[in-house]
Amino acid sequence: MTDKDFRKLNRTELLELLIKQTKENETLQMQLGALNTRISELEQQLQQRTIMIENAGSIAEASLQLNGVFEAAQRAAQEYLDSIHLRYQAQEEYAQRAEAETKTKADQMLRQAEQRCKLLESATTRKCEEMTAKASRESQEYWDQVSSKLDEYLKQRADLRELLSVNYRKI
């Protein structure tokens with residue numbers, strides 16, 4: 001996959017790729033462990049067995065033959081370990097790139113969210129101030145209306161009280 005292909009992937013796909021590569025890496029590590037165990041077992045078997053040389057003319061020839069087998073086994077094991085090491089390095093580099101890209105994208109998304117929050121907060125504050133000012137004006141107008149009606153009512157009732165108090169004294 002090229003860098004361009006990686007950039008097209010979303011965060012979930014990148015994480016899935018990372019998980020897949022991690023699982024594959026773990027599988028390869030387990031296989032490597034199993035092969036190392038098997039190599040150890042085979043080396044122990046070779047050490048424990050006594051070699052019967054039927055066709056060999058001497059112990060030196062048998063030793064040369066055994067050395068050739070061990071060398072071939074060692075080369076094969078080393079080649080396998082080298083290939084696993086290269087795959088591991090490639091996966092590690094990919095994981096680091098994916099992590100860096102994901103972090104960059106997350107930081108960018110966080111900055112955008114913070115900017116949106118600030119805009120919403122300022123708009124909300126402005127709206128609240130407008131609503132408070134409007135409510136204050138309306139309540140003052142209403143209070144003025146109620147006060148004038150109360151004053152008028154009290155004037156009317158003062159005349160009535162005065163009338164009643166004069167008539168009440170006569171009785």
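Visitor: Which residues lie nearest the centre of the largest pocket?

Guide: The model is predicted, so local features need pLDDT of at least 70 and side-chain atom pairs count only at pLDDT 80 or more, while totals for chains, interfaces and linings use all residues. A pocket is, on a 1 Å grid over the protein atoms alone, an open set of points with protein on both sides within 12 Å along at least five of seven lines, and lining residues have an atom within 4 Å of a point. Residues are numbered from 1 along each chain as its sequence is written. The largest pocket is lined by 15 residues, and those nearest its centre are Ile39, Leu42, Ala73, Gln74 and Ala77.

Visitor: Which helix gives the most to the lining of the largest pocket?

Guide: Helices are DSSP runs (H or I, at least four residues), numbered from the N terminus. Helix 2 (11–48) and helix 3 each supply at least two lining residues. With eight residues, the one that gives the most is helix 3.

Visitor: What is the volume of the largest cavity?

Guide: A cavity is a set of grid points where a 1.4 Å probe fits but cannot get out. A volume is the space filled by probe spheres set on the points, which are joined across faces, edges and corners. The structure holds one cavity of 30 Å³ or more, and the largest cavity has a volume of about 30 Å³.

Visitor: Which residues line the largest cavity?

Guide: Four of the lining residues come from helix 3 (residues 59–170), the largest share. The lining consists of Phe6, Leu14, Tyr94, Arg97, Ala98 and Glu101.

How values were computed. Heavy atoms only, no water.
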